[in-house]
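Please have the sequence and the model in view as you read.

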Amino acid sequence: MTKKILVGYATWSGVTHEVANVIASQFNHAGFQTDIVNLKENQDISTYDAFILGTSIHASHPMKIFVEFIKKNHPWLIRKPTALFAVCANMFEDTPENRKETLTWLHDSLKDVPEIPFLDIGLFGGAVLTEGADYENLNPVIKMVIRSMKKSIVEKMKKDDFRDWDKIKSWTESIITTIKKTS
Ligand SMILES: Cc1cc2nc3c(=O)[nH]c(=O)nc-3n(C[C@H](O)[C@H](O)[C@H](O)COP(=O)(O)O)c2cc1C
């Protein structure tokens, strides 16, 4: 039977949503049935065979709805293959120090959740989006903060999108291979 995958995301401006879309499309190509779900939606997750859950990072924290989703669904997630990914500025540059720090943010925020044997935690450089439906739905203050962050990143780094799609795709491929091996 075709395995059903939930690709869930927590996003401000839509960057993590776009990463989730690419991951989901790769799962679809590999023969899975995939739903892309905003983690703020209340979702019946009992029909899924595996979970790929992503969040962006703000002020050194993953998004609250991501943490809440994992806490709430812990009894289910512990029984199903689950992988996490984080999208953030700290991973603009993939160094051992940046990986360690980003992982610490994730582990700290999940410290109250009983341990889940995640397949892996993908750590990806993010971007700053100031257009698109997710951005447009934000409140004006957050939009202003994002515009100001974009300006300072572009001034310093000369670009505003650090997503490495090859890295994201090869991470997804490795997760697909692992999930295919699980019965
Ligand atoms: C207000 C604000 C605070 C941020 N704080 C952090 C941070 O503490 N660490 C980090 O690595 N990235 C930080 N970022 C960068 C975001 O994680 C990055 O831009 C991400 O791609 C945004 O994805 P999203 O649109 O899915 O929320 C911050 C971005 C904003 C706008």
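A polar contact here is a pair of N or O atoms within 3.5 Å; within protein, one must be able to donate a hydrogen and the other to accept it, and residues adjacent in sequence count only if both atoms are side-chain atoms. You are looking at a predicted model, in which local features need pLDDT of at least 70 and side-chain atom pairs count only at pLDDT 80 or more, while totals for chains, interfaces and linings use all residues. Residues are numbered from 1 along each chain as its sequence is written, and side-chain values use heavy atoms, with hydrogens and water left out.

With that in hand, turn to the ligand. An oxygen atom of the ligand lies 2.8 Å from a backbone N or O atom of Trp12. At Ala127, a backbone N or O atom is 2.6 Å from an oxygen atom of the ligand, and a polar backbone atom of Ala59 is 3.0 Å from a ligand nitrogen. On its own the ligand has 640 Å² of accessible area, and the protein covers 89% of that (Shrake-Rupley method, 1.4 Å probe). In total, 21 residues surround the ligand, the closest being Thr11, Ser13, Thr16, Ile57 and Ala127; a residue counts here if one of its heavy atoms lies within 4 Å of the molecule.

Ala59 is in the loop between β3 (50-58) and β4 (61-62); helices (H or I, at least four residues) and strands (E, at least two) are DSSP runs, numbered from the N terminus. Most residues other than glycine have a negative phi, yet Ala59 has a positive phi of about 50°. Its relative accessibility of 69% makes Ala59 exposed, where exposed means over 50% relative accessible area, buried under 20%, and partly exposed in between (1.4 Å probe, protein chains only).

Thr82 counts as buried because its relative accessibility is 1%. A polar atom of the Thr82 side chain lies 3.5 Å from the backbone oxygen of Leu77. Leaving aside residues up to four places away in sequence, Thr82 touches Phe51, Leu53, Leu77, Phe118, Leu119 and Asp120, with contact meaning heavy atoms within 4.5 Å.

Now follow the chain to helix α6. Its 18 residues (140-157) should span 26 Å at 1.5 Å a residue, and the end C-alpha atoms are 25 Å apart, which agrees; the expected span is 1.5 Å times one less than the number of residues. Lys143, Ile146 and Ile153 are the buried residues of α6. Viewed down the axis, they fall within an arc of 90°, so they line one face of the helix; the arc is that of the directions from the helix axis to the C-beta atoms. Part of what covers them is α5 (133-136). On the other side of α6, Pro140, Val141, Met144, Lys151, Glu155 and Lys156 are exposed.

At the start of α6, a side-chain oxygen of Asn139 comes within 2.9 Å of the backbone nitrogen of Val141. The side chains of Lys150 and Asp160 are joined by a polar contact of 2.8 Å. Just after α6, Lys158 takes a positive phi of about 70°. Lys158 sits in the loop between α6 and α7 (165-181), and is exposed at 67% relative accessible area.
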